[in-house]
Amino acid sequence: MNKITSTNKPGYHGTRELEPWQKEAHHYQVTLRYDGREMQLDYFMGKAHTKPPTTFDVVACIIDDAIGFEDSTPLSFEEWCDDIGYDTDSRKAERIYNACMKQTAKLQVLLGENFHKILLMEEEEIKAICE
């Protein structure tokens with residue numbers, strides 16, 4: 001299996017308004033590469049983190065997000081809220097849900113035919129495919 005690689009640039013390059021915690025966090029524009037494909041995303045780390053994210057840090061995080069949508073059939077907004085404790089009447093929850101769905105779709109394109117296989121990997125296996 002090919003390796004997942006990444007590069008990152010410090011700073012927020014998006015256009016949406018940030019949550020208060022994100023304004024105080026370390027921001028990175030991350031590009032993941034796998035099998036000739038690329039995926040870009042904004043990645044935030046709390047102030048206590050002093051080193052840039054590793055490929056594994058980013059991949060593990062977005063795989064965790066994706067698992068909520070790919071366990072069997074994609075979850076409805078209501079099911080997703082119920083699973084993680086968000087209020088279904090929250091616009092913030094709906095924004096997060098939509099962002100996770102969009103990110104999961106991008107991850108699926110990045111990983112191609114190995115998407116489901118990688119989602120099912122144990123942590124050590126994921127570390128082994130990250131450079």
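**Stop 1: two helices in contact**

Select Phe-77, Trp-80 and Cys-81 in α3, then Ala-93, Glu-94, Ile-96 and Tyr-97 in α4: these two groups meet. Contact here means heavy atoms within 4.5 Å. By class, the α3–α4 contact has six nonpolar, no polar and one charged residues. Ala, Val, Leu, Ile, Met, Phe, Trp, Tyr, Cys and Pro count as nonpolar; Asp, Glu, Lys and Arg count as charged; the others, Gly among them, count as polar.

This is a predicted model: local features need pLDDT of at least 70, side-chain atom pairs count only at pLDDT 80 or more, and totals for chains, interfaces and linings use all residues. Residues are numbered from 1 along each chain as its sequence is written, and side-chain values use heavy atoms, with hydrogens and water left out.

Now show the two helix axes. They come within 11 Å and cross at roughly 105°. That makes α3 roughly perpendicular to α4. The axes are lines fitted to C-alpha atoms, for helices over the stretch in contact, and angles run from 0 to 180 degrees between N-to-C directions. Under 35 degrees counts as roughly parallel, over 145 as roughly antiparallel, 65 to 115 as roughly perpendicular, and the rest as oblique.

**Stop 2: around α3**

Select residues 77–84, which form helix α3. Helices (H or I, at least four residues) and strands (E, at least two) are DSSP runs, numbered from the N terminus. Which residues of α3 are buried? Phe-77, Trp-80 and Cys-81 are. They cover an arc of only 100° around the axis, so they lie on the same side of α3. The arc is that of the directions from the helix axis to the C-beta atoms. Turn to the other side of α3: Asp-82 and Asp-83 are exposed there. Buried means under 20% relative accessible area, exposed over 50%, and partly exposed in between, with a 1.4 Å probe and protein chains only.

Step on to Gly-85. This glycine follows α3 and has a positive phi, near 85°.

**Stop 3**

The open sheet of three strands runs in the order β1-β2-β3, with antiparallel pairing. Two strands pair if DSSP finds at least two bridges between them. The twist averages 25° from one strand to the next.

Bring α4 back, residues 91–111. This helix packs on the sheet, touching β2 and β3, and its direction makes about 140° with that of β3.

Follow the pairings next. β1 and β2 are joined over six bridges. Pick Asn-8 and its bridge partner in β2, Val-30. Tyr-28 has Tyr-43 as its bridge partner in β3, and Tyr-34 has Arg-37. Seven of the nine residues of β2 are buried, so this strand is largely enclosed by the rest of the structure.

**Stop 4: the hairpin turn**

Zoom to Asp-35, in the loop between β2 and β3. The hairpin has two residues between its strands. Asp-35 has a positive phi of about 50° although it is not a glycine. At 45% relative accessibility, Asp-35 counts as partly exposed.

**Stop 5**

Select Gln-22 in helix α1, residues 20–24. Is Gln-22 buried or exposed? Gln-22 is buried, with a relative accessible area of 7%. Leaving out residues up to four places away in sequence, Gln-22 touches Arg-16, His-27 and Phe-44. Two of these face each other in the sheet: His-27 stands opposite Phe-44 in β3.

**Stop 6: Ala-48**

Finish at Ala-48, in the loop between β3 and α2 (55–70). Ala-48 counts as exposed, at 75% relative accessibility. Draw a C-alpha to C-alpha distance from Ala-48 to His-26: 9.1 Å in space, across 22 residues in sequence.
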